[in-house]
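The following note sets out comments on the structure shown below.

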Amino acid sequence: MEGLSVADANLVIYLHPSKSRNVSQSILRELGSLLFKFNETFDGVLLAYDVNILDKQAKILSGVHPYFGLRLKANLLLFSPKPDMLLEGKVVKLSEESIHVIVLGFLFAIITAENIRGEFKYRTVTLFSTLFLIFLFSLCVGYKDKEELFASKSHKRHVIKVGTMIRFLVKSFDEEILHIIGSLISAHTESIRWLDRHLEEDSEFDRSSMKSRDREWLGDKTVDEGSTPMSYDNHIKMSKKRRIT
């Protein structure tokens, strides 16, 4: 998935002297407060970090509150979605007007109806199921329930519903509320499972076509070179006749 990157950063953490008894824990708390928030310095959302303290002795800063600073070497995992990037997420809600997706477990995206290509049409499917309410009397009660989905007009089995993992395009990203506006207009944006299945089918088709071409080539080569074994046999027969004579 696009938008993920790893960066090395040189940081300075400022701590209050009251936290000097447990510096390592205080540093982790400070960095932990930056997680899953957009940071302008990093130009992305901090997802994870690995930190190494460089300073053995902290430098006390002059001022009203005598904070001390520590230099850190950190390895950061950042997420910075930009327009036209391909992201992956799980559909958590679906209606006729929109598809709601969660990305990386914490970031929400919405794909409105005008950003869904015409191949997909909204449908409701009725599900039939039976509940055994009282086993003693073997009483069954049937009920109807409806499932919302977007179905492809080209392929009946190609559907997008709640729980489907999809690949979509980024149109915009709100850094303050961490909200993404997505799109399913492009041809390569749809169900990931369907995309992977078609990639496998295309690869199998390519392999089969290559095998057929190889068979044709070998067949042509056998026909073209068919005279070689016969001429070799004739040569052996002629040599035998000469030895006999």
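Predicted model: local features only at pLDDT ≥ 70, side-chain atom pairs only at ≥ 80, totals over all residues.

1. E119 is found in the loop between β8 and β9 (120-134). Beyond its neighbours within four places in sequence, E119 is in contact with A151, S152, K153, S154 and H158.

2. For the chain as a whole, 3 helices and 13 strands are assigned. Of its 245 residues, 29% count as buried. When contacts between residues at least 6 apart in sequence are considered, 61% of them join residues at least 24 apart. The chain exposes about 17100 Å², of which carbon and sulfur atoms supply 55%.

3. Which residues have the most contacts inside the largest nonpolar core? They are I99, V101, I111, I160, F168 and I180, in a core of 25 residues. Two or more residues of this core come from each of β3 (44-53), β6 (86-94), β7 (98-103), β8 (107-112) and β12 (165-174). The greatest contribution is that of β12, with 4 residues. This core also takes at least three residues from each of domain 1 (4-79) and domain 2 (86-226). As a general matter, nonpolar side chains in soluble globular proteins tend to be buried together.

4. With its neighbours within four places in sequence left aside, I99 is in contact with V91, K93, L94, A109, I110, I111, I116, F150, I160 and L184. Two of these partners, I111 and I160, are themselves among the residues with the most contacts inside the largest core. Another core, of 14 residues, lies apart from the largest one, and includes A9, F42, L72 and L76.

5. The loop between β7 and β8 contains L104 and also G105. Is each of these residues buried, partly exposed or exposed? L104 has a relative accessibility of 40% and therefore counts as partly exposed, since that class lies between the 20% and 50% limits. G105, at 61%, counts as exposed because its value is over 50%. The C-alpha atom of G105 is separated by 8.4 Å from that of G89, a residue 16 positions away along the chain.

6. L104 also belongs to a nonpolar patch on the surface, together with M1, L4, V6 and L77. The accessible area of this patch is about 400 Å² in total.

7. Two backbone torsions should be noted. Phi of F36 is near 55°, a positive value in a residue other than glycine. F36 lies in the loop between α1 (23-32) and β2 (38-39), and its relative accessibility of 42% places it in the partly exposed class. Phi of D84 is likewise positive, near 75°, and D84 is not a glycine either. This residue is found in the loop between β5 (68-79) and β6. D84 has a relative accessible area of 61% and so counts as exposed, the limit being over 50%.

Key:
Residues numbered from 1 in each chain as written. Heavy atoms only, no water. Core = buried A, V, L, I, M, F, W, Y, C linked by side-chain atoms within 4.5 Å. Buried < 20%, exposed > 50% of the residue type's maximum accessible area, 1.4 Å probe, protein only. Domains from an automatic or database assignment. Contact = heavy atoms within 4.5 Å. Patch = residues over 30% accessible without salt bridge, like charges linked within 9 Å, V, L, I, M, F, W, Y side chains within 5 Å. Areas by Shrake-Rupley, 256 points an atom, 1.4 Å probe, with all protein chains shown as cover. Salt bridge = Lys/Arg side-chain N within 4 Å of Asp/Glu carboxyl O.
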